[in-house]
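Welcome! Take a first look at the sequence and the model below, then try the exercises, each with a worked solution.

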Amino acid sequence: MTRVFVFTNHKGGVGKSTSATNTALGIAGMLRRAGAPNARVLLIDTDSQAHATLVTTGKKDYGTDDSLYTVLMADRQNAAQTLLNCIVQSTWDADLHVLPASPMLEGAERELMGIAGAPYRLADPLSRIINRYAAIVIDTRPSFSLMTEMGLIAATDAIVPVEPRYLETVGLMSVIGKINDIREGWRQPNLRVSGILVTKMNTRIRGHNHLLDELKGHSVLGKLLLGVVPANEAVSYAHQNHQSIFNYDPKASASKAYAQFVGKLVQRIANGGA
Amino acid sequence: MPAKNQTHRIDDLLGSVTEELLLGNPQQFEDNSIRVERLLLEMVRPDPVQPRRVLPEQLHFAFHSNRLTPTQALKELVQLVQVAARQRGRPFNNVLELLANPDDEGEEDQSFHLSPEEQLLHDLVNLAITIRDDGQVNPLTVVDVSQGVTQQFRIETGERRYWATWLLRDFIAGYNSDGMIPCIIIPAERSSVFRQAKENTARTGLSAIAMARQAALLLLTVHGYELPSHAVSNDFYRQALNLDLRGKREYTESILTAMGGIKKAHFSEIKALLKLSDEALELADRHALEEKRLRYVVTLPQEFHTEIIRQIIDFNLTSKQVKELCAGDGLDSGRQDDEVEHLPALAIKLAKIAQVSNTTTAQDLAQAMMRQEGDANLARARLQAMRKLLTEAERYLTEG
């Protein structure tokens with residue numbers, strides 16, 4: 001079964017798009033390196049700000065007929081074909097494909113509100129082409145809106161990127177609780193919280209270290225910790241230059257941390273289980 | 001697109017992590033097994049050079065040049081059959097009406113007279129209903145020919161099931177499909193024209209013309225010709241007329257086995273059918289004429305092929321009758337070039353007969369023809385050939 005990783009957190013600026021884009025590229029690169037017959041990865045950008053789209057495709061002027069918006073508005077019967085038609089190749093890597101976001105997605109939530117089956121408008125067509133990809137990575141907007149729900153319903157693994165300053169267990173538990181609500185509410189038994197990715201970690205800040213230690217010691221959250229990405233200016237510069245962190249500075253500490261994190265996900269893809 | 005050196009830098013970083021991951025089980029990702037998956041119908045396309053064609057030629061070319069979508073191609077086919085069926089006095093509105101009603105008497109006799117297009121649609125509807133009722137038990141065999149973001153699978157075997165599934169989805173009311181079709185996926189590098197040939201020849205109903213195309217594909221492949229990914233004219237297959245098994249002895253056995261274990265001589269006879277004119281090829285293919293009835297036609301000049309094949313179809317001539325007919329035509333046609341200087345004796349005889357044609361009656365002539373040929377159909381074919389000859393002669397006289 002193809003794993004669908006969704007990066008979600010209702011807080012903004014925690015590194016969802018950066019993590020999603022670099023993870024998608026990293027999975028494709030590692031699978032290819034490992035000799036996998038299919039190393040294709042699809043990145044789905046559900047955030048109307050379209051940052052992930054911009055950095056991975058070099059443009060963000062996708063609209064009514066070539067973006068996720070088009071897929072959500074398509075007839076049920078044609079939605080899968082529409083999805084295929086809207087996918088573009090990333091400028092980063094031939095095996096990285098992107099379903100671009102569009103500013104129109106903002107309005108799509110209003111348009112779809114009240115339409116029967118609206119939350120499944122991404123999961124349904126995606127399920128028909130999912131086998132074509134080794135993995136799918138979904139970037140979400142910083143809220144638990146309909147669009148984020150659609151991403152979670154389509155996903156198998158929720159990954160919560162979080163800054164150390166938001167590491168309080170209460171806050172994290174609320175995010176995880178929300179994901180569990182969606183799993184139960186929409187009856188998506190395949191969806192689970194697969195991991196926490198700590199981003200922008202500064203070991204010189206005592207508070208960060210303290211909160212990370214607390215997380216590691218937590219009986220539930222500690223087991224979910226998948227990686228710690230250090231605060232690194234290479235990440236911001238890479239983003240500004242529309243490059244992946246691996247590409248911009250492969251020797252940066254953040255690059256190595258992301259590579260280790262991606263390695264764990266690839267291992268899960270290979271094992272098929274947890 | 002990242003520069004090449006940058007790609008290497010990424011690979012070095014990710015590669016070091018990958019190596020750690022793969023410690024102990026380096027082959028865990030190298031899965032080259034053949035998989036069965038459910039694919040979106042739109043991602044699957046028939047092979048344009050598949051020798052066994054499902055659609056009539058005109059639709060085949062329109063579809064493979066992307067002038068028609070699968071739904072449009074089927075719509076055209078249905079319309080084509082509706083016209084043919086109306087002319088035969090059995091109009092229908094819904095494709096399901098094509099299926100025989102077991103309560104209707106005499107239905108079996110009627111099906112005997114179905115035109116090739118009616119028969120094709122009838123078979124497709126029948127298959128569609130089987131799929132609807134029992135599910136798609138046999139997956140299609142497809143080759144993964146995806147490039148970049150364009151995900152596509154070329155059918156190696158199972159084109160009829162493909163069209164039946166479209167028919168079911170778009171033309172049979174009340175069927176709710178998820179638009180997927182089960183397929184055995186073969187990686188592009190493991191695609192094989194030999195496997196396709198074996199699958200084709202193992203099934204009944206492969207026409208002699210399809211066999212000829214199949215023979216051509218095998219010969220062209222072993223001689224290093226690249227098989228195109230678009231629909232091709234008959235001239236593409238005719239290139240095989242200049243090739244033979246002797247040139248590639250190491251493949252002879254494989255080719256003959258793939259063709260259903262036939263003998264070399266029969267292989268050559270089948271291949272020789274590609275000498276037929278385009279129109280004759282299409283007619284013979286549509287009506288699934290056997291090789292033994294066609295082998296004599298290829299000995300004639302191409303301009304006679306269509307006419308003879310029409311006669312074979314119209315009068316259901318046997319191979320023996322075709323042989324006799326073609327022997328006669330050969331006499332008539334082989335000497336056109338020297339008609340002025342050295343008139344053939346036969347032409348002089350016919351000219352003399354024309355002088356006295358009003359001294360006999362049509363009935364006498366019919367009886368004489370019957371006595372000579374011993375078969376009404378063959379006699380009619382002879383007269384038709386004669387009529388054609390007379391029309392041509394008149395045209396020569398008119399044009400001076």
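**Exercise 1.** How many residues has the largest nonpolar core, and which have the most contacts inside it?

*Solution.* Before counting, know that this is a predicted model, where local features need pLDDT of at least 70, side-chain atom pairs count only at pLDDT 80 or more, and totals for chains, interfaces and linings use all residues. Residues are numbered from 1 along each chain as its sequence is written, with chains lettered from A and ligands numbered from 1 in the order in which they are written.

Step 1: A nonpolar core is a set of buried Ala, Val, Leu, Ile, Met, Phe, Trp, Tyr and Cys residues joined through C-beta atoms within 7 Å. Buried means 20 or more other C-beta atoms within 10 Å of the residue's own, exposed 12 or fewer, and partly exposed in between, with C-beta atoms placed from the backbone.

Step 2: The largest such core has 125 residues. Those with the most contacts inside it are A:Ile27, A:Val41, A:Leu43, A:Leu83, B:Val44 and B:Leu167.

Step 3: Helix H13 (residues 253-271) of chain A gives the most to this core, with 9 residues. Helices (H or I, at least four residues) and strands (E, at least two) are DSSP runs, numbered from the N terminus.

**Exercise 2.** Find A:Ala50 and describe its setting.

*Solution.* Step 1: Look in the loop between strand S2 (41-45) and helix H2 (51-57) of chain A, where A:Ala50 lies.

Step 2: A:Ala50 is not a glycine, yet its phi is positive, about 60°. Most residues other than glycine have a negative phi.

Step 3: A:Ala50 counts as buried because it has 24 C-beta neighbours inside 10 Å.
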